[in-house]
Amino acid sequence: NCDEYDIKEVVLIDEYITTKELCDWLKISPNTANNWRRKGLPYLRVGNTVRYDKEEVQKWLNEQNKQK
C-alpha cells in the first residue's frame with residue numbers, strides 16, 4: 001500500500017510544471033513569474049521547488065486580462 005501511495009504522489013507532481021517550464025511556455029522571465037506569484041498566481045511548493053498547474057495558471061491569466 002505504501003508503494004501505491006508513493007507512485008500516486010509522483011504522478012501528481014509530474015502533472016505540474018516547473019518555473020523554467022512556465023517561463024518557456026509564457027515567454028516570461030523568472031522575475032516576472034516571481035512577481036506574478038506575489039500577485040496571486042497559483043502555485044504549489046514541493047520541497048524546495050515551486051510547481052504550477054497549467055490549467056490554474058491559464059485561468060488566473062484569463063482573470064487578469066478581464067480586469068484590464
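Modeller: Here is a short tour, from the overall fold to the core. Bear in mind that this is a predicted model.

Colleague: Fine. What does the secondary structure come to?
Modeller: Four helices and three strands. Along the sequence the pattern reads α-β-α-α-β-β-α.

Colleague: What share of the residues is buried?
Modeller: 19% of the 68 residues. The protein exposes about 5400 Å². Carbon and sulfur atoms supply 49% of that area.

Colleague: And contacts along the chain?
Modeller: Take contacts between residues at least 6 apart in sequence. Of these, 44% join residues at least 24 apart.

Colleague: Now the core. Which residues make up the largest nonpolar one?
Modeller: There are 11 in all: Ile17, Leu22, Cys23, Ile28, Ala33, Leu41, Val50, Tyr52, Val57, Trp60 and Leu61.

Colleague: Which element gives the largest share?
Modeller: Helix 4, with three residues.

Colleague: Let's zoom in on Leu22. Where is its place?
Modeller: In helix 2, residues 19-26.

Colleague: Why does Leu22 count as buried?
Modeller: Because its relative accessibility is 0%, and buried means under 20%.

Colleague: What is Leu22 in contact with, leaving aside neighbours within four places in sequence?
Modeller: Ile17, Ile28, Ala33, Leu41, Tyr52 and Val57. The C-alpha atoms of Leu22 and Ala33 are separated by 7.9 Å. Those two sit 11 residues apart along the chain.

Key
Residues are numbered from 1 along each chain as its sequence is written. This is a predicted model: local features need pLDDT of at least 70, side-chain atom pairs count only at pLDDT 80 or more; totals for chains, interfaces and linings use all residues. Side-chain values use heavy atoms; hydrogens and water are left out. Helices (H or I, at least four residues) and strands (E, at least two) are DSSP runs, numbered from the N terminus. Buried means under 20% relative accessible area, exposed over 50%, partly exposed in between (1.4 Å probe, protein chains only). Contact means heavy atoms within 4.5 Å. Accessible areas come from the Shrake-Rupley method with a 1.4 Å probe; for residues, only the protein chains shown count as cover. A nonpolar core is a set of buried Ala, Val, Leu, Ile, Met, Phe, Trp, Tyr and Cys residues joined through side-chain atoms within 4.5 Å.
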